[in-house]
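Thanks for making time this morning. I would like to walk you through one model, starting with the interface, and then moving to the individual chains and a few residues.

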Amino acid sequence: MAMRQTPLTCSGHTRPVVDLAFSGITPYTNVTLVSSLLLLSDGKPMLRQGDTGDWIGTFLGHKGAVWGATLNTDATKAATAAADFTAKVWDAVSGDEVLTLAHKHIVKTVNFTQDSNCLLTGGNDKLLRIYDLSCPEAAPQEIAGHSSAIKKALWCNDDKQILSAAEDKTIRLWDRSSMEEVKMLTFDTSVSSMEYMADGEILAITYGKTIAFYNALSLDLIKTVEAPAPINSASLHPEKDFFVAGGDDFKLYKFDYTTKEELESYKGHFGPVHCVRFSPDGELYASGSEDGTLRLWQTAVGKTYGLWKCVLPEDLGAENSEQLYTSPTEIKA
Amino acid sequence: MVTPVSVLRMPKGPDPNSRGFDPKSPRFIALCRPSIPTSAVSDADAEQLQKEQHARSVLRERFLRCVLSMTNKNVRFHMHERVKVEATFGASDIDVLNFQVSDLHTPIGVQKEALIRSQDVISFTFDI
């Protein structure tokens, strides 16, 4: 019996979802392991449960649009970057604001080191900043070099290096101790997204209609894949067998990573897809769109996981004590 | 025929009245760092564990002796919703869920025998 994907729409946002991030898998009630999902909309970062999409809480405090957000590995801390010229650190368990880090311009990106002790920020003042969270009053270390606004900055290579992407169409690799530029990649067009996948082994970069995969350590190009439409974000499955991408034509595409073949495409969003990410266990991927919705999609369609229930043919149509229903049809493009 | 995958329910949306992070939620309880150090780690320091356990025993014994000495004494209960009542203490049940009292003075009269739900009690005082 063929099964059609039923995406779960997470309601409650009125503005575009511009970014989302999963935490690592955390122990939870000693049995279930879940990740947390942080997403930005209405300028208010919201935390949701990674396997069901259920809302946990909203981080309130920023006075402007929030452009970037991240969770630390065990989902106990969150950091946000906003147009109010600040980056904030939050307690992701209580929802309380822990720290406000003043900047000289709009902050676009934030990233924790693996031990959650340092925070990397970047934004429109073209500087990368490293804050020591154990003494936040101390002046941050600053790295200059980009010639225009920084869009994304990530720790890499065991937090020994920093990778940054800017509007100057370059991606630069920096050494953390010397603060010097180690390598630079140039592109013809602005990079729309940059993320580490598969436990930091692979770097995925999107620009135009291209999804490019690089070796994370050497920054050597592994392969590029062309999509039918301009792509804003892509995510590789933890087992590296396939990846998903979404962009301006509102659709989500699923590609085979090895053969580069397009496997599926899903319609469902009513606006451009801004971000798409696999959950750390690879069981689902989340997409955020201009239409203000966050949708969760199953990796293995029909499998029982989270809110999805595998229903055997004999159960369909029979009297069932459990409340089962199928959501309105989503068209498979 | 292609059948859409069944779903138990839609994901829960934000509560318009609160910012969330419910302290009673399983997530909060699982991730919140407990105030007692040895509750958090599984491979706790044996000496620390022993010290804490000893402290627990002392506190428990103190509490039980307190309850014992309250028998037949006049006790003033300070409860939720600004309720203050006086009664003669009888006994507590084993789980300290209910207190059996006599001659409970209430605004509408004296109750000969009553059970007070300990959850409703904020504090109580008595003279030794």
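Two sentences on where the values come from. This is a predicted model, in which local features need pLDDT of at least 70 and side-chain atom pairs count only at pLDDT 80 or more, while totals for chains, interfaces and linings use all residues. Residues are numbered from 1 along each chain as its sequence is written, chains are lettered from A and ligands numbered from 1 in the order in which they are written, and side-chain values use heavy atoms, with hydrogens and water left out.

Let me stay with the interface. Buried area here is the accessible area, with a 1.4 Å probe, that two parts lose on being put together, summed over both; between chain B and chain A it is about 3300 Å², and carbon and sulfur atoms give 63% of that. On the side of chain B, the residues that lose the most area to chain A are Val5(B), Phe21(B) and Arg27(B), which together account for 23% of what that side buries.

Turning to specific pairs, the rule finds 2 salt bridges across this interface, where a salt bridge is a side-chain nitrogen of Lys or Arg within 4 Å of a carboxyl oxygen of Asp or Glu. In a salt bridge with an N to O distance of 2.9 Å, the side chain of Asp96(A) meets that of Arg19(B).

Chain A has 0 helices and 32 strands, whereas chain B has 3 helices and 7 strands, in the order β-β-α-α-α-β-β-β-β-β along the sequence. I call a residue buried under 20% relative accessible area, exposed over 50%, and partly exposed in between, with a 1.4 Å probe and protein chains only. On that scale, buried residues make up 56% of the 333 residues in chain A and 24% of the 128 residues in chain B. Among contacts between residues at least 6 apart in sequence, 41% in chain A join residues at least 24 apart; the corresponding share in chain B is 28%.

Next, the packing inside chain A. A nonpolar core is a set of buried Ala, Val, Leu, Ile, Met, Phe, Trp, Tyr and Cys residues joined through side-chain atoms within 4.5 Å. The largest one has 18 residues, and those touching the most other members are Leu163(A), Ile171(A), Phe187(A), Met194(A), Leu203(A) and Ile205(A). Several strands of chain A give it two or more residues, among them strand 17 (150-156), strand 18 (161-166) and strand 19 (170-175), and the largest share, 3 residues, comes from strand 22. A second, separate core of 16 residues includes Met197(A), Ala204(A), Ala234(A) and Tyr257(A).

Gln298(A), in strand 31 (residues 294-298) of chain A, is buried at a relative accessible area of 2%. A polar atom of its side chain lies 3.5 Å from the backbone oxygen of Ala300(A), and, leaving aside neighbours within four places in sequence, the contacts of Gln298(A) include Trp308(A) and, from the other chain, Val5(B). Ser177(A), by contrast, sits in the loop between strand 19 and strand 20 (181-186) of chain A and counts as exposed, at 66% relative accessibility. In chain B, Ser102(B) belongs to strand 5 (residues 98-106), and its side chain makes a polar contact of 3.4 Å with the side chain of Glu113(B).

Note on methods:
Helix = DSSP H or I, 4+ residues; strand = E, 2+ residues; numbered from the N terminus. Contact = heavy atoms within 4.5 Å. Polar contact = N/O pair within 3.5 Å; in protein donor to acceptor, adjacent residues only side chain to side chain.
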